[in-house]
Amino acid sequence: MARIAFCLPALPSHAAVHGALARVLMQRGHRCHFVGGTGLAPLAAREGVIFTALGFRDPDLRGAGLARTLWATAQATRGFVDHGPAVLARLAPDLVIADQAEPGASLAAEAAGLRRATLASALPMDREDTIPPPFLDWPWQEGPAAERRNRGGWRVADLLMTLQRRALARGCRRHGLPVRTGMGDWISPLLDLRQLPRALDFPHDWPASAISVGPLRDPDRGSFTPPDPGRPLVFASLGTLAGRRRGLLQAICAAASDLDVTLLLAHAGTLDAATAAALPGRPVLRDLFPQRAVLARADACITHAGLNTVLDCAAAQVPMVAIPLAFEQPATAARLAHHGAARVLPHRRASANAIRAALTEVLTNPAFRAALAPARAEIAAAGGASRAADLVEATLSRPGLAA
């Protein structure tokens, strides 16, 4: 059986996606490793995957602003560039699966002469003039003016990512590789696995190697019984960002308290008992709910537009109130708005009144739910972690070492 190295950033949501695929592959007899900075070690343990350290420490980004996040991103890429080729050469995997969000992982695999695939845990890093960069909330538009705007967005992004681009250029020159400094430059031409279905993306051509496999999840073993089956059920989750958004949680609860709904609020363990007790209304609170089981019964979801929650909503055809907070979430929300699948609120304008109006709209207008039908059908046919594992095994069976 094959040895497979998963190279990824130390982010819980990314680790969960890679872990779901790794477990299917391990069940088929393959030996899988998570490879990355020291911050990935506890996440690998949580996912039940062997961890191989690259010898650098991931910066703590809790509460970090833009400048520190950009610096930390470059530091992580530099860690992969500096330490990855030697570590991967010693590990000698038959295939490297590199997260699209960490281009240094793909560089390290190429420098070590290893075959690699890429995996887009979040939005794909496609760079085309026809679409905005995948971290801006710009709507999709056609025509030369829109393409000029998109090119301008990429120029600003290149400037912001200068430190990472320098690390990639230096690594390419050091290892005798063609110089590529953009994140999208490292999408594998061999196999590029994507969680995002085409039905939720902006209209544009994907790379020939890109295949949507839908959400990468373990089989759903959770169950859920609504506390009041006679009332509409609203699920709300801001992911791990909930603890820094207590004002927003209060606004969500206040909005729901004036409607005839049952609100389930997942706070990811970020609320203490006193804070939870002070929330308006009568929300049902837990650290975590069996999300897919809840969404199978839900009438609407209030979400930060994290891709994993968005995909779970799409799979259950649950319309959303999207309140993007950070990272690629504004761009994900823009895609939902483009397809009419969500009412989007900028978090700075997400007052209780605004959330109440948006929630009322998605609960009463069937067009929001209907807009998710194509994505639901595509996800149902995509195959998930099992099909992704099939594609990985097919790639392993190909001759040669093309990167």
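Arg180 sits over the face of Trp186, 3.9 Å from the ring centre. Arg194 does likewise with Trp206, here at 4.7 Å from the ring centre. To count as a charge over a ring, NZ of Lys or CZ of Arg has to be within 6 Å of the ring centre and within 35 degrees of the ring normal.

Before going on, some ground rules. This is a predicted model, where local features need pLDDT of at least 70 and side-chain atom pairs count only at pLDDT 80 or more, while totals for chains, interfaces and linings use all residues. Residues are numbered from 1 along each chain as its sequence is written, and side-chain values use heavy atoms, with hydrogens and water left out.

**Rings against rings**

The whole structure holds 4 aromatic pairs. Phe135 and Trp154 make an edge-to-face pair, because their ring centres are 6.0 Å apart and their planes stand at 80 degrees. For the cut-offs: rings of Phe, Tyr and Trp (its six-membered ring) pair if their centres lie within 6.5 Å, and planes under 30 degrees apart are stacked, over 60 edge-to-face, and the rest tilted. This pair links distant parts of the chain, with Phe135 in the loop between β5 (116-120) and α5 (144-160) and Trp154 in helix α5, 19 residues apart. Helices (H or I, at least four residues) and strands (E, at least two) are DSSP runs, numbered from the N terminus.

Phe135 is partly exposed at 33% relative accessibility, whereas Trp154 is buried at 9%. Here buried means under 20% relative accessible area, exposed over 50%, and partly exposed in between (1.4 Å probe, protein chains only).

Phe235 and Phe289 are also edge-to-face, with 6.0 Å from centre to centre and 85 degrees between the planes. Phe235 belongs to strand β8 (residues 233-237) and Phe289 to the loop between β10 (284-286) and α9 (291-295), so this pair ties together parts that are 54 residues apart in sequence. Both Phe235 and Phe289 are buried.

**Empty space**

Rolling a probe the size of a water molecule over the atoms shows where empty space is left. The search runs on a 1 Å grid over the protein atoms alone: a cavity is a set of points where a 1.4 Å probe fits but cannot get out, a pocket is an open set with protein on both sides within 12 Å along at least five of seven lines, and lining residues have an atom within 4 Å of a point. Grid points are joined across faces, edges and corners, and a volume is the space filled by probe spheres set on the points.

The whole structure has 3 cavities of 30 Å³ or more. In the lining classes, Ala, Val, Leu, Ile, Met, Phe, Trp, Tyr, Cys and Pro are nonpolar, Asp, Glu, Lys and Arg are charged, and the others, Gly among them, are polar.

| Space | Volume | Lining residues by class |
|---|---|---|
| Largest cavity | about 140 Å³ | 6 nonpolar, 4 polar, 3 charged |
| Second largest cavity | about 50 Å³ | 6 nonpolar, 1 polar, 3 charged |
| Second largest pocket | about 300 Å³ | 9 nonpolar, 1 polar, 2 charged |

Trp154 turns up again in the largest cavity: of its 13 lining residues, Trp154, Asp158, Met161, Gly182 and Met183 lie nearest the centre. Helices α5 and α6 (162-174) each supply at least two residues of that lining, and α5 gives the most, with 3.

The second largest cavity has Leu123, Pro124, Ile131 and Arg335 among its lining residues. For the second largest pocket, the largest share of the lining, 4 residues, comes from helix α11 (residues 329-339). Its lining includes Asp137, Ala333, His347 and Arg348.

Ala305 is in the loop between β11 (300-303) and α10 (307-316) and is buried, at 0% relative accessibility. Phe327, in the loop between β12 (320-322) and α11, is exposed, with a relative accessible area of 55%.

Ala117 lies in strand β5 and is buried, at 0% relative accessibility. The C-alpha atoms of Ala117 and Leu193 are 7.7 Å apart, although 76 residues separate them along the chain.

An unreviewed UniProt entry annotates residues 1-15 as "signal peptide". UniProt positions are given in the numbering used here, feature names are shortened, and annotations may be inferred rather than shown by experiment. In the model, the end C-alpha atoms of residues 1-15 lie 23 Å apart, and the span is 27% helix and 33% strand.
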